[in-house]
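Student: I have a structure open and would like to go through it. Can we take it topic by topic?
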Amino acid sequence: PALTPPKSSGPPPKSPQSSSRYDSSLGLLTRKFTNLISTSLTRTVDLNTAAASLGVAKRRIYDITNVLEGVGVVEKRSKN
């Protein structure tokens, strides 16, 4: 059987600017995290400091760094 998109029964999705879900998305968080790195004089960021600065759990920062490391955008300098 062919797959089709579900029929919409509700209002259209909110724009990214007005959606609180977008505000906490990994995409936006990744953008904010990479901005932290680019504005750092040493181009390094402490993950605990980044989590506190961005107001998220350290686990979310790990999710981001693992993906960015996997695609060669960042490299981890040390553990902890």
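Student: How do the residues lining the largest pocket divide into nonpolar, polar and charged?
Tutor: They divide into six nonpolar, six polar and seven charged. Here Ala, Val, Leu, Ile, Met, Phe, Trp, Tyr, Cys and Pro count as nonpolar, Asp, Glu, Lys and Arg as charged, and the others, Gly among them, as polar. Before going on: this is a predicted model, where local features need pLDDT of at least 70, side-chain atom pairs count only at pLDDT 80 or more, and totals for chains, interfaces and linings use all residues. Residues are numbered from 1 along each chain as its sequence is written, and side-chain values use heavy atoms, with hydrogens and water left out.

Student: What volume does the largest pocket have?
Tutor: About 520 Å³. On a 1 Å grid over the protein atoms alone, a pocket is an open set of points where a 1.4 Å probe fits, with protein on both sides within 12 Å along at least five of seven lines, and lining residues have an atom within 4 Å of a point. Points are joined across faces, edges and corners, and the volume is the space filled by probe spheres set on them.

Student: Which lining residues are closest to its centre?
Tutor: Of the 19 in the lining, Val 45, Leu 47, Glu 75, Lys 76 and Arg 77 are the closest. Helix 2 (26–39), helix 3 (47–54) and helix 4 (58–70) each give two or more residues to the lining. The largest share, three residues, comes from helix 4.

Student: How many helices and strands are there overall?
Tutor: Four helices and zero strands, in the pattern α-α-α-α along the sequence. Helices (H or I, at least four residues) and strands (E, at least two) are DSSP runs, numbered from the N terminus.

Student: New topic. What share of the chain is buried?
Tutor: Buried residues are 19% of the 80 in the chain. Buried means under 20% relative accessible area, exposed over 50%, and partly exposed in between, with a 1.4 Å probe and protein chains only.

Student: Which residues make up the largest nonpolar core?
Tutor: There are 10: Leu 29, Phe 33, Ile 37, Ala 50, Ala 51, Leu 54, Ile 61, Ile 64, Leu 68 and Val 74. Such a core is a set of buried Ala, Val, Leu, Ile, Met, Phe, Trp, Tyr and Cys residues joined through side-chain atoms within 4.5 Å. Helix 2, helix 3 and helix 4 each give two or more residues to this core.

Student: What does Ile 64 touch?
Tutor: Leaving aside neighbours within four places in sequence, Ile 64 is in contact (heavy atoms within 4.5 Å) with Leu 26, Leu 29, Thr 30 and Phe 33.

Student: And Leu 26, where does that lie?
Tutor: Leu 26 lies in helix 2 and is partly exposed, at 37% relative accessibility. Leu 26 and Arg 60 are 34 residues apart in sequence and 7.9 Å apart in space, C-alpha to C-alpha.

Student: Last one. Where is Arg 43, and is it buried or exposed?
Tutor: Arg 43 is in the loop between helix 2 and helix 3. Arg 43 is exposed, with a relative accessible area of 54%. Its phi is near 60°, a positive value in a residue other than glycine.
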